[in-house]
Amino acid sequence: MNVIYPLAVPKGRRLCCEVCDAPAERVCTACTVTYYCGVVHQRADWGSIHEKICQLLIPLRTSMPFYNSEEERKHGLQQLQQRQHLIEFCYTVAQKYLFEGKHEDAVPAALHSLRFRMNVHGLSSVELVPAYLLLAEASLGLGRIVQAEEYLCQAQWTVLKSTECSYATHSLLHRNLGLLYMAKENYEEARYHLANDIYFASCAFGTEDIRTSGGYFHLANIFYGLKKLDRADTLYTKVSEIWNKYLNNHYQVLSQARIQQIDLLGKRFETDTGLDEAQEAEAIRILTSIWNIRESTSDTAPQKTIFVLKTLVMLYHLMMNSSKQTFTKHLLCTRAWSSSQPVGYNRGDREAQGTVGAQRRDSNPTWDGHKNMP
């Protein structure tokens, strides 16, 4: 039974919904420490984040005792570390949902990240700002501009009060303000904030870092929407080059490590991107968007379309766990282009082709890669 009976609740204690903060009427029977106003919000939270962290909440939402012994102090430290882990985990999950366009699913995960940050850092810490920005971006995606403005105002006020705000946090704040003004079609203000985003991200990470590329990408989108195609093209090219350079360098590092590393257990060296799930989702979103734009203008600059496609192939190859169909689609498109353009494949592209060919031959012994080429 997951219905709350009011007489069973201790006097003076108010149980609130995990999603909307309304009076709770239901409780999760798995952890018994998470409450909801109804079935709709319980299902939304479960699908978003609660299923992944349900059992982890039990020790964290019980009252913390006064630590007398060394063992109890260690236990308290472990709980604090667990909260820190959940902060980052919920933040990454919410970010991934946003990059995938799942704004409704991002809200519960972002709320969890905000609450854990409040528990660890207090109500006025600058550490709350990233969670406020996630909620603002989710609200923008859902068309709730007023709610997004409220979250951004809270984030701005927190940053203004702080003397220890990092360049990275300033960058995120300006990026979200830029997205807000883009939604309001105030492109002059949007350009101002995105320019500040690029400046602060460059101070924190460098001008050629993938974490700076998001600012270039959103600024390019503004110019593209305003039909200033030369400026948009320059910025899209820069974004593509940043991701291509990162992925190519990472591939070379992995290749060298694969040659040098000898696992004592004889395990195969795993290929990966060096990115977390949210960054992978961001890379797919940015590069796919640029690819779509390049395709629409491929008659004037086919080489730029090929470059983006090859970067996408490299990304999917390094991910390995992505959909084989999606990966094959990008690969075949690249091969089709290359058959009519004087552009050769690098080592990473050739290995990616071999990987897909082997996968398809395993699933279909009659498959012939040459016969099935477009």
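Biologist: What makes Tyr-91, Gln-95, Leu-172, Arg-175 and Arg-211 stand out in the lining of the largest pocket?

Modeller: In this predicted model, 34 residues line the largest pocket, and those five lie nearest its centre. A residue counts as lining because it has an atom within 4 Å of a pocket point.

Biologist: Which helices supply at least two residues each to that lining?

Modeller: They are H3, H5, H7, helix H9 (210-225) and helix H11 (277-296). The largest share, seven residues, comes from H7.

Biologist: How much space lies in the largest pocket, and how do you know that space is there?

Modeller: About 760 Å³ lies in the largest pocket. Rolling a probe the size of a water molecule over the atoms shows where empty space is left.

Biologist: How many residues of its lining are nonpolar, polar and charged?

Modeller: The lining divides into 15 nonpolar, nine polar and 10 charged residues. Asp, Glu, Lys and Arg count as charged, so Arg-175 and Arg-211 of the lining belong to the charged group.

Biologist: And what about the second largest pocket, which residues are closest to its centre?

Modeller: That pocket holds about 420 Å³ of space. Of its 17 lining residues, Glu-18, Val-33, Arg-61, Arg-115 and Asn-119 are the closest to the centre. H4 gives the largest share of this lining, four residues. By type, the lining divides into eight nonpolar, two polar and seven charged residues.

Biologist: Which residues does Phe-116 touch, leaving aside its neighbours within four places in sequence?

Modeller: Phe-116 is in contact with Ile-53, Leu-57, Leu-60, Arg-83, Leu-86, Ile-87 and Cys-90. These count as contacts because heavy atoms lie within 4.5 Å.

Biologist: Where does UniProt place the "domain: MYND-type"?

Modeller: The unreviewed UniProt entry lists it at residues 17-54. In the model, that span is 39% helix and 11% strand, with its end C-alpha atoms 15 Å apart.

Key: Residues are numbered from 1 along each chain as its sequence is written. This is a predicted model: local features need pLDDT of at least 70, side-chain atom pairs count only at pLDDT 80 or more; totals for chains, interfaces and linings use all residues. Side-chain values use heavy atoms; hydrogens and water are left out. UniProt positions are given in the numbering used here, feature names are shortened, and annotations may be inferred rather than shown by experiment. On a 1 Å grid over the protein atoms alone, a cavity is a set of points where a 1.4 Å probe fits but cannot get out, and a pocket is an open set with protein on both sides within 12 Å along at least five of seven lines; lining residues have an atom within 4 Å of a point. Grid points are joined across faces, edges and corners, and a volume is the space filled by probe spheres set on the points.
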